[in-house]
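Q: I am new to this kind of model, and I would like to learn how its features are read. Could we go through them together, one at a time?

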Amino acid sequence: MTGKGEAAAQHREEEEDGEMVGVVKLISAEGFEFVIDKKAAMVSNTLRNMLTSPGGFAESRDNEVRFPEISTAILEKICQYFYWSLHYASGKETAEFPIEPEITLELMMAANYLDT
Amino acid sequence: MLPIPAPATDHSRHRSEISRTLLTLSSAFSDFYAGNAEHLSYYTLYSCAYNVVAADHGEVLYTQVATNIATEVEKLAASLYSAASASDAEFLRELLGSWKKHCNAISMINDVVMYMDRTFIQKRGKARVPELGLRAWREGMLDGLDGEVPLRLQAALLGVAGRERAGEAVDVALYDLTASATKMLLELGDSVYQEFFETPFLDETRWFYARESARLLALPCTCGEYLRTVESMIDAEMARVSRCFDARMEEKVVAVVLTEMVEKNVARLVGMEGSGLASMLVDGSYSAAFRTACRR
């Protein structure tokens with residue numbers, strides 16, 4: 001597993017919907033920060049609810065979410081999955097999302113938690 | 001590593017942990033209703049719900065959610081009793097404010113317990129959180145149709161039409177408030193809307209126009225004049241429905257007016273000396289009658 005630390009470049013998007021624009025910070029158990037587009041984060045239903053709930057939780061106000069129980073490696077894989085999902089959502093191309101067998105269990109747990 | 005659901009070996013510690021978690025959620029739900037949730041962490045609450053369900057206590061959480069919601073609605077109902085003596089507009093404003101708070105809180109609760117929704121609720125086919133919210137509101141606010149709040153609400157809704165028909169002025173703000181209140185009733189269910197509002201409204205309409213037709217027919221008037229009056233009555237009723245009530249009611253209201261004013265008096269209208277429908281057909285002044293007939 002290569003590349004820990006600040007991940008994926010930020011892609012700027014056109015202004016289409018106030019809530020979809022902008023970025024959100026996901027923080028792993030070890031404290032590494034991943035800055036991703038809100039649109040990518042919303043691939044996870046859990047994160048979507050968090051960011052769009054009418055009450056305005058602390059996370060949506062500060063635009064950052066801490067995951068003290070998800071390790072950096074898993075969180076990075078999840079961010080990659082978000083972008084992969086957005087890219088292939090149109091269904092025109094297909095490609096496999098590569099998952100190393102040793103992280104499968106943790107990844108599945110996280111995916112279940114995040115509803116993604 | 002996220003918690004893997006495992007059989008609890010130390011039961012009492014496990015139980016107290018669950019209780020603590022449930023308490024956290026319970027107090028958070030109260031915060032939602034009070035409108036101060038900005039300090040709360042979605043992640044913490046979501047994890048609480050997740051952990052409880054993952055430890056196979058979905059039933060406990062579900063029961064607690066239902067109970068919390070019911071309690072909060074009761075609190076809102078209690079605070080409404082004090083507003084019951086205020087003007088119609090004030091009362092409706094308070095009621096609709098509470099309804100909005102309730103809807104927001106339900107939405108937030110639903111978001112937080114999403115894991116339970118996806119797994120426990122769907123597996124057991126139980127009612128989802130929004131449905132629990134509607135149920136709680138129906139039972140807490142509109143229970144029995146003879147509590148203070150439902151009676152007051154009904155009076156406020158019927159009051160607009162009653163006053164306008166009597167020729168009194170009506171507070172303009174009431175139009176929007178009434179429209180929102182009827183929307184709320186519709187969301188609670190068609191049967192609630194009908195039993196609570198539509199049926200009594202149509203009954204009152206019927207009584208009013210039965211009296212009106214008797215009154216007008218006792219005065220000297222031509223058939224044409226009578227029908228023109230009926231037409232303007234229908235216009236007024238339709239305007240009120242479009243401003244204050246649900247559009248589907250328009251047809252029913254018009255039908256009631258026509259029945260009371262025209263249908264029941266057909267024989268008399270036809271035979272009116274010199275101006276009845278019969279003579280109108282003869283001398284060609286039947287446009288009013290034609291227009292009225294077209295309403296059906």
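A: Let us begin with the elements: helices (H or I, at least four residues) and strands (E, at least two) are DSSP runs, numbered from the N terminus. The model is a predicted one, in which local features need pLDDT of at least 70 and side-chain atom pairs count only at pLDDT 80 or more, while totals for chains, interfaces and linings use all residues. Residues are numbered from 1 along each chain as its sequence is written, chains are lettered from A and ligands numbered from 1 in the order in which they are written, and side-chain values use heavy atoms, with hydrogens and water left out.

Q: How many helices and strands are there in chain B?

A: Chain B has 14 helices and zero strands, and read along the sequence its pattern is α-α-α-α-α-α-α-α-α-α-α-α-α-α.

Q: What share of the residues in chain B is buried?

A: A residue is called buried under 20% relative accessible area, exposed over 50%, and partly exposed in between (1.4 Å probe, protein chains only). By that rule, 47% of the 296 residues in chain B are buried.

Q: What span should helix α3 of chain B have, and how far apart are its end C-alpha atoms?

A: The expected span of a helix is 1.5 Å times one less than its number of residues. Helix α3 of chain B (residues 58–81) has 24 residues and should therefore span 34 Å, which agrees with the 35 Å between its end C-alpha atoms. Among the buried residues of α3(B) are Leu61(B), Val65(B), Ile69(B), Glu72(B) and Leu76(B).

Q: Which residues does Leu202(B) touch?

A: Contact means heavy atoms within 4.5 Å. Leu202(B) is placed in helix α9 (residues 190–218) of chain B and is buried, with a relative accessible area of 11%. Not counting residues up to four places away in sequence, Leu202(B) touches Lys252(B), Val253(B) and Val256(B). Leu202(B) and Val257(B) are 55 residues apart in sequence, and their C-alpha atoms are 9.7 Å apart in space. For chain B as a whole, among contacts between residues at least 6 apart in sequence, 75% join residues at least 24 apart.

Q: How many salt bridges does the structure hold?

A: A salt bridge is a side-chain nitrogen of Lys or Arg within 4 Å of a carboxyl oxygen of Asp or Glu. Over all chains, the structure holds 24 salt bridges. One of them joins Glu64(A) and Lys25(A), with the closest N and O atoms 3.9 Å apart; this pair links distant parts of the chain, since Glu64(A) is in strand β3 and Lys25(A) in strand β1 (residues 23–27) of chain A, 39 residues apart. Glu64(A) is partly exposed at 23% relative accessibility, and Lys25(A) is partly exposed at 25%.

Q: Where do Lys75(B) and Glu72(B) lie?

A: Both lie in helix α3 of chain B, three residues apart, about one turn of the helix. Lys75(B) and Glu72(B) form a salt bridge whose closest N and O atoms are 3.3 Å apart, and Glu72(B) is buried, with a relative accessible area of 8%.

Q: Is Asp56(B) buried or exposed?

A: Asp56(B) is exposed, with a relative accessible area of 68%. This residue lies in the loop between α2 (42–54) and α3 of chain B, and Asp56(B) has a positive phi of about 70° although it is not a glycine.

Q: How many residues does each chain give to the contact between chain A and chain B?

A: Chain A gives 23 residues and chain B gives 24 residues. Buried area is the accessible area (1.4 Å probe) that two parts lose on being put together, summed over both, and here the two chains bury about 2200 Å² between them, 61% of it on carbon and sulfur atoms. In chain A, the residues that lose the most area to chain B are Phe57(A), Glu69(A) and Tyr113(A), together 31% of what that side buries.

Q: How many salt bridges are found across this interface?

A: The rule finds one salt bridge across the interface of chain A and chain B. The side chains of Asp115(A) and Arg118(B) meet in a salt bridge at 3.4 Å, N to O.
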